[in-house]
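Here is a short report on one protein chain. Please look over the sequence and the model before reading on.

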Amino acid sequence: KVEVIEFFMYHCPHCNAFEPQLEQWIKKQGNNIQFRRVHMPATGPNDPEAHLHLTLEALGKAEEFQPKVFKAFHVDHLRLNNDAAIIDWVTKNGIDRNKFLEAWNSFGVTTKLRRQSQLLNDYKIDGVPTVVIDGKYQTAPSIVYNSVKATSEPALFQATLQVMDALVAQAAKSKK
């Protein structure tokens, strides 16, 4: 399988807009890829949004809650930018408060949170959404834009997914 990592942020309007097409692309790829997400810690090693994503991941609820968190930010206009607001929101959305806090404060989650910045440095990520394929190819709508001059964001996202198709194929070929 080819590893595909999406670097994103919940509050990013482009990440939110990219999400539905990306979800379809992931389903289309099926067993060809191993997909994971990394939330860019915009405010540093204690970024509450990155902390939320890692905690949801630890609870096995990251994929289920991905659309819910985007909706909270972009449709409901909630400001989930501090611990109290996040904890209140997750408990209102059906996650047991104590289980969430146990994961939130766990050694595993806090260690991963501190390592996020190093991961961004390792992959030279300076904006989102950005996708890294097989640890060696990087693309993003902002990169693809310079080549295709898309006239709309959906067209740009479609072109980005086509580039991702080609990079996954290239990576799979090099693995054989």
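How many of the seven residues of strand 1 (residues 2–8) are buried? Six of them are, so strand 1 is largely enclosed by the rest of the structure. Buried means under 20% relative accessible area, exposed means over 50%, and partly exposed lies in between (1.4 Å probe, protein chains only). Helices (H or I, at least four residues) and strands (E, at least two) are DSSP runs, numbered from the N terminus.

## Basis of the model

This is a predicted model: local features need pLDDT of at least 70, side-chain atom pairs count only at pLDDT 80 or more, and totals for chains, interfaces and linings use all residues. Residues are numbered from 1 along each chain as its sequence is written, and side-chain values use heavy atoms, with hydrogens and water left out.

## Strand 1 and its partners

Strand 1 pairs with strand 2 (residues 33–39) in the parallel sense, over seven bridges. Two strands pair if DSSP finds at least two bridges between them. In this pairing, Phe8 stands opposite His39 of strand 2. Strand 1 also pairs with strand 3 (residues 130–133), here in the antiparallel sense and over four bridges. Phe7 stands opposite Thr130 of strand 3.

Gln34 belongs to strand 2. Leaving out residues up to four places away in sequence, Gln34 touches Lys1, Val2, Glu3 and Val4. Contact means heavy atoms within 4.5 Å. Gln34 and Val69 are 35 residues apart in sequence, and their C-alpha atoms are 22 Å apart in space.

## Salt bridges

Side chains of opposite charge can pair when their charged atoms come close. A salt bridge here is a side-chain nitrogen of Lys or Arg within 4 Å of a carboxyl oxygen of Asp or Glu. By this rule the count is 11.

Which residue forms a salt bridge with Glu6? Arg37 does, with the closest N and O atoms 2.8 Å apart. The pair links distant parts of the chain: Arg37 is in strand 2, Glu6 is in strand 1, and they are 31 residues apart. Arg37 is buried, at 3% relative accessible area. Glu6 is buried too, at 0% relative accessibility.

Arg37 also forms a salt bridge with Glu63, where the closest N and O atoms are 3.2 Å apart. Glu63 lies in helix 3 and Arg37 in strand 2, so this pair ties together parts that are 26 residues apart in sequence. Glu63 is partly exposed, at 45% relative accessibility. A network of salt bridges links Glu6, Glu19, Glu23, Arg37 and Glu63.

Asp76 and Lys71 make another salt bridge, at 3.1 Å from N to O. Asp76 is partly exposed, with a relative accessible area of 36%. Lys71 is partly exposed as well, at 42% relative accessibility.

## Backbone features in the loops

Where is Pro129? Pro129 sits in the loop between helix 6 (107–123) and strand 3. The peptide bond from Val128 to Pro129 is cis, with omega near -5°. Lys124 lies in the loop between helix 6 and strand 3. Lys124 has a positive phi of about 55°, although it is not a glycine. At 65% relative accessibility, Lys124 is exposed.

His77 has a positive phi of about 55° and is not a glycine either. His77 is in the loop between helix 3 (62–74) and helix 4 (83–92). At 61% relative accessibility, His77 is exposed.

## Helix 8

Helix 8 (residues 153–175) has 23 residues and should span 33 Å; its end C-alpha atoms are 33 Å apart, which agrees. The expected span is 1.5 Å times one less than the number of residues. At the N-terminal end, Ser152 caps helix 8: a side-chain oxygen lies 3.2 Å from the backbone nitrogen of Ala155.

Buried residues in helix 8 include Leu156, Phe157, Thr160, Leu161, Met164, Leu167 and Val168. An α-helix has 3.6 residues a turn, so residues three or four places apart point the same way. What covers the buried residues of helix 8 includes strand 1, helix 1, strand 2, strand 3, strand 4 (137–139) and helix 7 (141–148).

Terms used: A polar contact is a pair of N or O atoms within 3.5 Å; within protein, one must be able to donate a hydrogen and the other to accept it, and residues adjacent in sequence count only if both atoms are side-chain atoms.
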